[in-house]
Amino acid sequence: MLPEEQELTRLEAEQAVLEEQVTTAELTLETSKTETAQFQHRFHQTVGRLYAQLDEMDALLARVQAGLSPDDVAAQAHAQAAEQQAKASAEEAGLIEAQPAPPPVITPELKLAFRQAAKLMHPDRATSELERLRRTELMAQVNLAYERGDQQAIEKLVSEYGQDPESITGGDVASRIVKACRRIAQLRRRMGEVQQQIDAMQQTEIFHLKQTIEETEAMGGDPLGDLAKQLMQELSERKIKLEIAR
Amino acid sequence: MDERENLPAVIAAQALTATTEKRGSLVGRGLIALRKDNDALYRQARAVFDRGDEIRNWNATDDPTIFTAFKIFQRLSDKNYGKAYFPLSRLYRTRQEDIEEGLKHAQHFEQRAVDWCFANQANQDVELWCDLGVMYKDGYGVEKNYKQAEYWFHKAAEQGDANGQWQLGHMYVWVDGVPENFEQAVYWFRKAAEQGDANGQLQLGEMYRVGFGVPQNGEQAMYWFHKAAEQGDTRGLVSIGLLYKYGEGVPQNGEQAMYWFHKAAEQGDTVGLVHISEMYFDGLVVEKSDKQGLYWMRKAAEQGDADGQYELGLIYHEGGCVAQDYKEAVKWYRLAAEQGFTEALCNLGWMYEGGDGVLQDHKEAVKLFQMAADQGNTRGQESLRKLGIDWEK
C-alpha cells in the first residue's frame, strides 16, 4: 500500500470513530431535550399551574386594594406589577398563549451578511447537478436565518462554506484525503457544539429541577405532590383573604 | 425628624421599588422550593444505603433506588463531600456490574474514606465513627484491626448511637477473632433495641431465644421479634414463625408458624418461602409433603433467593423427591454461586471436578474452591486440600 493510501485509511478510520461519537452525543442531547420537555409539561400540570393561580389571585387582591385607595401610588404600582407577574406566570404554565415574539429588526449588517452568502453559494452558480443541490440546501438555511434575524448563523454558514467536505467530488486518493480531512474538522466542530449545548443544558434551572425531583422520586418520595398540596393550602388561604378584602 | 419624610415624591419612589418584588419563573420557584443542599442530598441517599441488606449484589437495572443513591454519592464525591466516600466505596464493591472496574473504584474511595474519616475524627459525628469502625472490621482501605473497630463502635455506642451499639454487640457474638462476650453483647443489643432499632431488637430476641448472655426466655424472644416485625422488618416475622415451629416460648403450632412465614413472603421476603418449604420437607408440625416442599423451594429459588437456589440444586443433585438431574443441579448451584453463596461455590466446584451435568474442568473447579476458601468457607479449604493444593497460596 502506498503511503498516501495508508494515510487515507487512517483518516477514514478516524472519521468513522468521530462520526460514531458525534451521533452518540447528538442522541444524548436530543433524548435529554425531549425528556426535559416532557418533564416541564408534567411540572406545569402539577405545580406550575398552581403557582400561576396563586399569582392570579394575588393580582386580584392587589387590584382590589388599589381600588380601595385610588390615591395610593404604591398600591397602584403594586397592582400593576402583580398583574404583570400573573400574566407571565400564566404564559409559562401554558394557561394562556404567549405573545408572539416581535419580528426581527433588519439591520444593514444583516443585509450585508445575506448578500455575501447569496453571492457565494447561490444555486444558479453551480456547475453540476450535485453541486446545485448542495447549494440549494445551504441557501435554504441562509434564508431561514435571515428571517430569524440571526446574523451570526449566516456568518457561520459563510465561513463553513469554503471548508465543506461535500464540495470535494474527485475520487482520486488526494481528493479523498482532502475530503476526509475536511469531514474530520467538520465533525470536531460539531462535537464541540453538541458538547457545549449539553453542558449549557445541564446548567439550566429546568434540568436541575428535573434531576432533583426524579432522584427524590426514585428513592420513594413525591416532591411534586407534596409541593402541590402546600400550594393548594396557600391557594385556599388566598381565597379567604380575597373574600375578606372584597 | 428626618427631613426626607416631608417629601412625598421620594417616599412613593421608595415604596414603589419595595413592592415590585420579582418572583421569577415558575421553574425557578419550583427549584427554590425543592432544591436540596448537599447535606440533605446525602441524608436522602444515606437512608437508602443504611437499609443494609438490599445493597448486597445490586445492579443498575434491578435496583434503581440504589442506583440513584449511588449516583448521588458519586456527585457528592466529585464535590469533595467527604462523608460520601464510604458509602460510595461500599456500593462499588457490591455492584454486580463492571466488577473489575468497580473494585478499583472501591479501593480508591476506601482509601479516601479512611483518610477523610481520620482527618475529621474530632467531629461529633457518630456515623463517621461507625463507618471507620466498619472499615477496620472488614479491613477495607486500612489494615484489619478489631481493637480499632471496637474502639470506634464503642465511641459511637456511648454517645447513644443505635448502629454503634448494634455493631459492638455484633462483634462480641459473631466476629471470629474477637473474644466472645455475650453479656456485653446483650447489654449493647438491649440499648439499641430499647431505642427502637430493628437490628438490635432482632439480635436481643435471638440472645433470649438461645440463652446466651441472658437466661433463656422464649417469651422475651417473642416480645422483641414482635417489636421488629411491627416496624415492618420481615426478619422479625420469620423469627416469630420459627418460635412457633419449634415451640420456643409458645406452644408448638404449625398453623401459626405457617401464618408468619407466609406473612414474611407476602412482604417480599423469600426467606419465608424457604422456611415454608422446609416445614413440608421435615414434616415436624405439618403433614410431610415433598411435593409441597418442592413447590415452595422452587418459588423461593425463582424469586432469586440464594439459599433457595442452593437447596433446590441439592434436591436435584441428590434426587429422591424428584428424578436426579445433574444439569438442573448445576443450573441452580450456579445461580446461588453468582450471588456469592459459598456452599454453592463448593458444590459447583465438585460438579466441575467430576464432570457431572457439566463438562469436566479441573481448572474451573479449583477456581471455585479458591473463591469459597478466600471467603473463609472451610469446605472450600478442605476441598483444595483434597486436591493437593495449599489454599492459602
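## Reading the model

Residues count from 1 along each chain as its sequence is written, while chains are lettered from A and ligands numbered from 1 in the order in which they are written. Since this is a prediction, local features need pLDDT of at least 70 and side-chain atom pairs count only at pLDDT 80 or more, but totals for chains, interfaces and linings use all residues.

## Where the chains meet

Chain A puts 27 residues into the contact and chain B puts in 24 (two residues are in contact if their C-beta atoms, placed from the backbone, lie within 7 Å). On the chain A side, α1 (3–68), α2 (73–92), α7 (205–218) and α8 (223–245) each supply at least two residues. Helices here are DSSP runs of H or I with at least four residues, numbered from the N terminus. The top contributor is α7(A), with nine residues.

## A helix of chain B

Now for α4 of chain B, residues 64–78. Its 15 residues, at 1.5 Å a residue, should span 21 Å, and the end C-alpha atoms are 21 Å apart, so the two agree (the expected span is 1.5 Å times one less than the number of residues).

Among the buried residues of α4(B) are B:Ile66, B:Phe70, B:Phe73 and B:Leu76; buried means 20 or more other C-beta atoms within 10 Å of a residue's own, with C-beta atoms placed from the backbone. The buried residues of α4(B) pack against α7 of chain A, along with α3 (38–49), α5 (85–94) and α6 (99–119) of chain B. After α4(B) comes B:Asn80, with a positive phi near 60°.

Terms used: A residue is buried if 20 or more other C-beta atoms lie within 10 Å of its own, exposed if 12 or fewer, and partly exposed in between; C-beta atoms are placed from the backbone.
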